[in-house]
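Colleague: Could you walk me through this model and tell me what stands behind each label you use?
Modeller: Gladly; let us look at it together.

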Amino acid sequence: MPTALLDVAPGRRLTLDDATRAADGRGTPVQLGLDEIGTPLHEVTFVVVDLETTGGSPEGAEITEIGAVKVRGGEVLGEFQTLVNPGLPIPPMITVLTGITNAMVVAAPRIEEVLPAFLEFAGLGTGTVLVAHNARFDVGFLRHATERMSLVWPRAQVLDTVALARRAVTRDEAPNHKLATLAALFSAEVTPDHRALHDARATVDVLHALLARMAPLGVTHLEDLRTAADPVPQRRRRKASMADGLPECPGVYQFLGPGNEVLYVGTAVNLRRRVRQYFTAAEKRARIGEMLDIAVAVRPVPCATALEAQVRELRLIAELDPPYNRRSRRPDRRPWLRLTDEPFPRLSVVRRLPAAVLGDALGPFSSRSAAEAAMEALQEVSTVRRCTPRLPATPKPGASSCVLAEMSRCAAPCVGGQDRDGYAVAISPTRRALQADVDAAVEALHRRIRVLAGQQRYEEAATQRDRLASLLQGARRAERLRPIVATPEIVAARRRDEGGWEIVLVRHGRLAGTAVCPRGTDPMVVVASLVAGGESVTAPATACGAAPVEETELVAGWLERPGVRLVSVEEGPVPLACPVRGAARHQVPGRG
């Protein structure tokens with residue numbers, strides 16, 4: 001069903017903005033099923049493995065014994081144990097440690113026979129979690145043997161009981177986190193003795209004890225295991241349960257404070273997974289940590305598409321002004337670069353730009369300093385005047401010129417050195433650059449940079465380079481946004497990976513609605529419904545269009561993605577196209 005067509009009352013349609021104000025469309029709590037929370041640990045299959053080897057590194061050492069125990073819900077499902085012929089003598093110190101002698105492994109199978117049997121037993125890659133004490137050692141040997149045999153190591157989740165013990169067992173309880181120490185601490189039924197199966201059985205008891213300790217800290221589901229060993233404060237980890245009821249779909253999430261106030265707004269492709277990440281070691285921002293300590297709940301706003309979620313995030317930040325969001329809080333204050341409206345125009349940085357002059361301006365820029373750098377770049381390669389007074393068409397008697405005129409950097413229209421028509425011809429390259437035809441300006445700046453570099457004036461060359469980058473940034477943004485803002489209506493579609501179509505309705509640069517057309521459904525029926533019920537948008541009075549610049553940029557990025565098809569376009573004064581001689585072909589990847 002199209003997002004812009006959700007019925008809320010007879011004769012009324014829910015717009016994109018209306019939908020952002022409710023978590024479930026009704027404003028009431030929703031009872032979620034167990035399948036929406038995750039996989040409980042008692043339903044997870046663990047394969048606990050232990051190896052004995054001839055040395056401490058896979059390079060130059062071999063496996064001599066493999067032992068493994070498969071458990072689920074505290075019940076042993078099976079065991080695997082075999083000696084392995086390493087193909088080389090076992091060092092005496094290893095024999096003393098493990099009790100495995102050369103005579104014991106002479107008749108044992110080689111790793112080429114054992115490894116496929118172990119992988120089949122373990123069932124890795126099917127949701128099974130591989131567990132080991134000091135997993136880097138055991139998994140390292142197994143992976144090395146797999147690669148040597150030209151096999152593919154299964155993509156499986158690995159859990160290290162050493163790392164888990166560091167989070168759950170304090171130094172006051174145990175002097176170290178060795179397997180024997182932990183087995184004694186938790187009264188394991190089997191005492192580890194450096195034989196693979198015995199050590200694996202002891203690790204099973206240690207694993208169960210550690211998981212029991214971690215449960216009060218929020219480690220209760222399979223998804224929690226990935227971050228169970230992270231160094232996260234316990235008070236924060238306990239709050240990870242706030243993510244349990246969230247859906248696994250695109251959307252916006254709002255962290256709420258004790259008074260139900262919105263502390264932070266974010267967007268995600270998968271709401272539950274993204275919110276969980278806040279309670280792991282991956283989140284290192286101090287201010288977000290402070291926010292998490294205050295937060296008491298998360299309010300989700302599920303969305304049909306990722307684009308819709310991104311746009312809703314921008315609108316909610318602008319509307320709610322959350323204290324812990326730092327970006328997109330003043331989207332209407334971005335600067336533009338234009339020529340002033342007077343007989344002898346000059347370049348000016350402005351905050352508001354009328355829609356009528358959108359075709360003769362660059363921007364919006366990310367900051368005023370970036371706009372001023374672009375202005376200096378154009379002033380460097382043209383004779384546009386730099387003085388700020390408003391000049392009349394006829395110079396005043398007694399007026400005097402500035403130092404730039406004496407340096408032949410300005411034709412001095414202020415004292416009659418250049419008439420109105422001559423000045424218009426002189427600044428025509430600047431006007432073309434403001435219309436996104438920046439070829440001449442870019443070429444002149446490149447020549448200037450090469451001259452300065454040849455004279456070893458590297459700092460000045462770097463300044464010119466940065467000015468050029470700012471100019472291209474503003475020109476590229478203008479040529480991307482100008483056609484979309486000027487177009488009354490765009491309907492576009494993109495095929496979804498799971499089948500069907502993602503359909504977007506854009507009016508004057510504003511996302512007026514989105515819809516998902518399921519596989520097997522006629523997309524034109526959905527398109528017609530979306531167009532009829534989408535948000536009505538009038539022609540904007542400013543160059544920013546009917547939406548903040550960030551929103552129009554999100555729409556432009558979506559339209560530029562591979563596979564997007566234009567369903568219909570209502571042409572405006574500017575064609576929906578990118579200029580051939582525009583800034584895009586000069587753009588350096590990663591800049592602007």
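Modeller: Let me start with accessibility: buried means under 20% relative accessible area, exposed over 50%, and partly exposed in between, with a 1.4 Å probe and protein chains only. This is a predicted model, in which local features need pLDDT of at least 70 and side-chain atom pairs count only at pLDDT 80 or more, while totals for chains, interfaces and linings use all residues. Residues are numbered from 1 along each chain as its sequence is written, and side-chain values use heavy atoms, with hydrogens and water left out.

Colleague: Why is S187 called exposed?
Modeller: S187 has 60% relative accessibility, and exposed means over 50%, so S187 counts as exposed. S187 also has a positive phi of about 55° although it is not a glycine. Its place is the loop between α7 (179-185) and α8 (196-214); helices (H or I, at least four residues) and strands (E, at least two) are DSSP runs, numbered from the N terminus.

Colleague: And what makes D321 partly exposed?
Modeller: The value for D321 is 42%, which falls between the 20% and 50% limits, so D321 is partly exposed. D321, in the loop between α13 (306-320) and β11, likewise has a positive phi, about 50°, without being a glycine.

Colleague: Why is T54 called buried?
Modeller: Because its relative accessible area is 9%, and buried means under 20%, T54 is buried. T54 sits in the loop between β3 (45-53) and β4 (63-72). Leaving aside neighbours within four places in sequence, its contacts (heavy atoms within 4.5 Å) include A61, P86, L88 and I94.

Colleague: What makes a set of residues a nonpolar core?
Modeller: They are buried Ala, Val, Leu, Ile, Met, Phe, Trp, Tyr and Cys residues joined through side-chain atoms within 4.5 Å. The largest such core has 34 residues, and L337, L347, L362, L378 and L471 have the most contacts inside it. Apart from it lies another core, of 33 residues, among them V48 and L225.

Colleague: How do you know that the peptide bond between G363 and P364 is cis?
Modeller: Its omega is about 0°. P364 lies in the loop between β13 (361-362) and α14.
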